[in-house]
Amino acid sequence: MDCKTSSELIGRLLDNNLSDAEQAALREHLVQCPVCEKLEREHRHLHAALRSQPAPDLPPDYSRRLREEVWRKVKMTERRSVSLSFRIMAIAAIVMLSMAVMLLAWRLHDRQKELRQPGVASETARRGGSSSMPLPAIRLPKNALPENWSAEQVQAFVSVQDYLGGAMRWMAIDGNQVEVGMSGSGTSTVGEKNAAREVVVVTLQYVERQSDNRTTILSNPQFVLLPGEEASVRLSGRNRDSRELFRYRVKAAKEKSGQISARIAFDCEVPDAAEQRPVIDSPINAEVMVKEETPVLLGASGDATRRHELYMWAGMRSIAANGRPSSGKGDHL
Amino acid sequence: MDEIVETQLIRRSRRGDHEAFDQLMQAYHERVYRLAYRLTGSADEADGVTQDTFVQAYCSLRQFKGRSRFMTWLYSIAVRKGLDLRRERHSSRETLSATDPPADARRSSARGPLETLREKEFAGLLSDAIMKLPGDQRAALTLIVQEGLSYKEAARILSFPEGTVAWRVWKARQFLRDMLADYLAP
């Protein structure tokens, strides 16, 4: 063993951290080397001094004082961590709220922009499956229904409802076709006889426009609905020769804003494609917010030579307590 | 402390039982304080380190997985706290001085007055020299020589390999021997 190794092993000898073989080799070297033997004695002295270095006295009553301080600090740490969590949650809530407000503002702005363009359905009006075709400005057919037409429907609704004892929920009329929706249980309080109430009148018009601007009305149902009621009907086309079937699902109600919110689902069945009628291949599903009697275009399909368009307009009508349509203010019937 | 009792106390403490943690503090506070004192060389700082050690131990008790002894885990917290504190105040440190040794160092000796004086002087110089050691060497020396831990335990506390711990202890010894050569010579 050389002196360098010996000097390194002396400390470990004092710490009892040498194997028996290492100990034996070191001791043998120490006997032979006076320099290393002196070094070993010095380290032994130092080791003893370190070991005997007195342990500090604990301050009086230290145990109790320590406990008090520790719990005080623990409480502070916990409070800080709760406060930090609360702050993080508060910041997160503020951020989320701001984002929600921004989103709402953006949607409202968008909606107002839409409403400034009369006659165009909101972006929620979708034509399933078709590409987003730009919708044209409204040009209602010249032979659109006369304004007082809906008055007849409301009168019919009132009469039929009175006759049926108040269970009627909606009525759909297109030409000589009449469909009526009844409440299932018969215990409905809606439409109670002689009670003043409001109904929504929704008119839909499905037209075919050709390149020479000739327009044909294919279907033109009018719905008289109790607000929030959903009417679901199958109606034949207005053209007596056609065998088309039109399916409508209509739901409408007046909103606080005074506008009417409506949900319209529409599709068309052409039993025989050989009739060379344009095939309506995709349904229309639209949710719109409309102003009273302002027509909106819910969807369109086809091309420049033959084009199909579905229009809608709606209004609220009051039915007086005597069971007759009211002629008060705002009643255009 | 009995290992089973200790495990139960730790489990109860984790559930927020202050009384259980009080018992753990009672069992270990003296050793933690002593280690902190040797690392910092100051009674005040030793007190602060001891408090912080137990606060951190309580708050992070869930991280103690029982892979080492609870005491070893406490020591590792105390060493970190002690060395951090020393690092913070290295410029204005307050060391044990020859004129102000710990209370026990002032115990009378059966030896002659000259020898007693020389011993007191040596003890003071030794304390000073220890405080001049780099923190990691001082921690290794304290744990191995003064606390009597094995190299393996010290390595776990200091998060170093055993070889590194052994080398640091050897370097510390070399330094102290050089500093106190006059007093160590036979």
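Colleague: Which residues touch the most other members of the largest nonpolar core?

Modeller: A nonpolar core is a set of buried Ala, Val, Leu, Ile, Met, Phe, Trp, Tyr and Cys residues joined through C-beta atoms within 7 Å. Buried means 20 or more other C-beta atoms within 10 Å of a residue's own, with C-beta atoms placed from the backbone. In soluble globular proteins, nonpolar side chains tend to be buried together. Here the largest core has 47 residues, and Ala36(B), Leu74(B), Ala78(B), Ala140(B), Ile144(B), Ala154(B) and Val169(B) touch the most other members. This is a predicted model: local features need pLDDT of at least 70, side-chain atom pairs count only at pLDDT 80 or more, and totals for chains, interfaces and linings use all residues. Residues are numbered from 1 along each chain as its sequence is written, and chains are lettered from A and ligands numbered from 1 in written order.

Colleague: Which helix gives the most to this core?

Modeller: Helices are DSSP runs of H or I, at least four residues, numbered from the N terminus. H2(B) gives the most, 10 residues.

Colleague: Why does the core lie between two domains of chain B?

Modeller: Domain bounds come from an automatic or database assignment. Domain 1 (1–94) and domain 2 (106–186) both give residues, so the core lies between them.

Colleague: How many residues of chain B are in contact with chain A?

Modeller: Contact means C-beta atoms, placed from the backbone, within 7 Å. Here 38 residues of chain B are in contact with 30 of chain A. H2(B) gives the most to that side of chain B, with nine residues.

Colleague: What does Ala154(B) contact, leaving aside neighbours within four places in sequence?

Modeller: Ala140(B), Leu143(B), Ile144(B), Leu149(B) and Val165(B).

Key. A residue is buried if 20 or more other C-beta atoms lie within 10 Å of its own, exposed if 12 or fewer, and partly exposed in between; C-beta atoms are placed from the backbone. Helices (H or I, at least four residues) and strands (E, at least two) are DSSP runs, numbered from the N terminus. Two residues are in contact if their C-beta atoms, placed from the backbone, lie within 7 Å.
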